[in-house]
Amino acid sequence: MKTPNPLNQPVGILTGIGAQTANRLQKLGLCVIQDLLFHLPLRYEDRTRVYPIGALKPGMTVLVSGKVEFIDVLPRGRKSLICRIGDGTGFINLRFFHFTANQHNALKPGTPLSCFAEVRYGFAGLEMIHPEYKVIADIGDCVTETRLTPVYPLTEGLSQNVIRKAVKQALDLCDQHPELLTDWIPESILKQCRYPALADAIRTLHAPDESVSALALQNGSVPALKRLAFEELLAHYLSLRRSRNKSKAWQAPSFSETADGNTAAAHFIRALPFKLTHAQQRVIAEIEADCRQQHPMMRLVQGDVGSGKTVVSAYAALLALTAGYQVAVMAPTELLAEQHMRNFSLWFESFQTQVAYLTGQLKGNARKDVLQALENGQAGIIIGTHALFQDSVNFHRLGLVIIDEQHRFGVHQRLALREKGRQGGVKPHQLVMTATPIPRTLAMLHYSDLDISIIDELPPGRKPIVTSVIPAERRADVIDRINAWVDKKKQVYWVCTLIEESEVLQCEAAEKTAEMLTQALPNVRVALLHGRMKSAEKDAVMQAFKNHRLDLLVATTVIEVGVDVPNAGLMIIENPERLGLSQLHQLRGRVGRGSDDSYCLLMYQAPLSDTARHRLGVLRDSNDGFVIAEKDLELRGPGEVMGTRQTGQMHFKIADLARDADVLAAVQQLGDSFFASSPEAVQPLCDRWLGASTEYSEV
Ligand code: ADP
Ligand code: MG
């Protein structure tokens, strides 16, 4: 056995770290000494020079020195101690809301001080509020630091000083024993990308010397940071790739070709009310080739809203069924699961199998029956929500897992469902679908364990959705337009959004809007749909809307994914500025499903910020989900594009996908050859950066 690496010892062994501090550090994820090295400063403070007071501007955080010119307690408003200092170039007020008599006495006029704080505008010119200050011998004696001072992310009860000292000890340990921290990135890559070596990068970020540009440190363009971001992203990439490589070695049921199967497939295609597009046919062929293999398919189908992914997945289900295997279809919302239920039931009507349905709502005997039909194999297809993960769910012979709107689920959930279907060494095929077009760079990071198929063609006859951006003051015009539209026997969506993540508030807002519209539009049949309604109620409303027993559906964003009513060609989205572009694009995709013209009105609340205006403009000018996703990435960052808030997809310690796009490009370019050139580095890199979450590459 190797001797344990001192960097893996608990932080508690460092000087100045007692049990309580160790606990607090642990809250920040800092357990062993090495963690401190990768706990980077949030920002830096510059105490390397003294600024002339006359040159200060609000917003600067600086060191100044000067003599007290005047001191007084101001009783007006909130009581405060004001102390004015000057250095000959100008003066600035120091303001203390909490102060002691000793403090007051020590700051006599003429006393030289050094102060450090942020400069702001105050009542009487510039001021510093509660600066760090020191009485010094003379204003020329202000002590400066030789390096920028790191400011670390903290947690309750932890001070900068404690963490700075701890980091320093960790850095010293590395200096004394450089062999402790292995640099797994080979020389050749460092050279090619002009990255510093690991130890140098770490030292630069914690204790930058004069050679490092403060600006580059602040904006994150410093090579030291890029190098660490590269290593982190590479680790994520390697872990997914490794998982893919491993999965290629697993056994899966091969859905081999049979005469009966071919007849069933031909029948299925003939019975469809439309002709498959070329793109659908191509993707179907890719899926079919995968499923004929002995190894599990791991395929992502990307296609814009309305591109017809469902029928493609149904074809995959057919392959499984005819080979004698079960299929699980998982959707992120009940509404969507219900829609799939209707479609699949219809498409598989003539099959000798049961299409079962399972959500969290299903209780009692009905639930028991479904679980039993699954276990004994009477149900060939099971459609549901997250409920499919539950322990009580057991399959008879699961051969294929279909996951719709994959971006709503995390990597873990995707892999967990596959584990459920595992029988000995045999794992089911997996098909995941998403309507959120993922910019190429992100796809490589999030889905590099998958093969990707793209449906890049909409069914014929679809016209682009005409999108306009209008202020909420024009609500009356909009209501007239709804009247005229409904007169033409067409239907309308009205979508309410809210900033708050609170579903309750969203639903209330939708209720109010529905009331308002019911009053304003006496001849229009209005109904409400929101996430807090019972699933039977939702289903009834949706059915009524589908069958045109309703004209106007007021809804929250629950209709975001998948719902399909071709006669509804007008959508009003209230407060679109609150949503991400990709989400808006998905919402908008509910219209434009028929062959008629369709419209989307983005009704914003003025005033609109420049960015918001720009973003809505992108949506108005483009109907291409990929273009929109790239813009969203640029304007709002990757979390929004990937829907991270819902799924908790990937968390990075250091990398920032918006800032480090260049780094991602390097990972993409060098990642695959890394397996061949540095196989020994893969595991340690995954351990270093993914830690406990590496388990998903092990399943
Ligand atoms: P999405 O890719 O957004 O999941 P759906 O699978 O819900 O899209 O399909 C949208 C609509 O288009 C559905 O009504 C579906 O029946 C229809 N559709 C699918 N493929 C075709 C096609 N090749 N031609 C015409 N309509 C199609
Ligand atoms: Mg869909």
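How many residues does helix 18 have, and how far does helix 18 reach from its first C-alpha to its last? Good morning, everyone. Before I answer, please note that this is a predicted model.

Helix 18 runs over residues 535–546, which gives twelve residues. From the first C-alpha to the last, helix 18 reaches 16 Å, close to the 16 Å expected at 1.5 Å a residue.

Let us now consider burial. Six names belong here: Ser-535, Lys-538, Val-541, Met-542, Ala-544 and Phe-545 are buried in helix 18. As a general point, an α-helix has 3.6 residues a turn, so residues three or four places apart point the same way. What covers these buried residues? The cover includes helix 12 (334–347) and strand 17 (491–495). It also includes strand 18 (526–529), strand 19 (552–555) and strand 20 (568–574). After helix 18 comes His-548, with a positive phi near 60 degrees.

I turn next to the ligand. Around ligand 1 there are 16 residues, of which Lys-275, Gly-306, Lys-309, Thr-310 and Asp-564 come nearest. By class, the shell consists of four nonpolar, six polar and six charged residues.

A polar backbone atom of Lys-275 is 2.8 Å from a nitrogen atom of ligand 1. For Gly-306, a backbone N or O atom lies 2.6 Å from an oxygen atom of the ligand. In Lys-309, by contrast, a polar side-chain atom is involved, and it lies 2.7 Å from an oxygen atom of ligand 1. On its own, ligand 1 has 570 Å² of accessible area, and the protein covers 85% of it.

Thank you for your attention.

Terms used:
Residues numbered from 1 in each chain as written. Chains lettered and ligands numbered in written order. Predicted model: local features only at pLDDT ≥ 70, side-chain atom pairs only at ≥ 80, totals over all residues. Heavy atoms only, no water. Near = heavy atom within 4 Å. Polar contact = N/O pair within 3.5 Å; in protein donor to acceptor, adjacent residues only side chain to side chain. Areas by Shrake-Rupley, 256 points an atom, 1.4 Å probe, with all protein chains shown as cover. Nonpolar A, V, L, I, M, F, W, Y, C, P; charged D, E, K, R; others polar. Helix = DSSP H or I, 4+ residues; strand = E, 2+ residues; numbered from the N terminus. Expected span 1.5 Å × (residues − 1). Buried < 20%, exposed > 50% of the residue type's maximum accessible area, 1.4 Å probe, protein only. Contact = heavy atoms within 4.5 Å.
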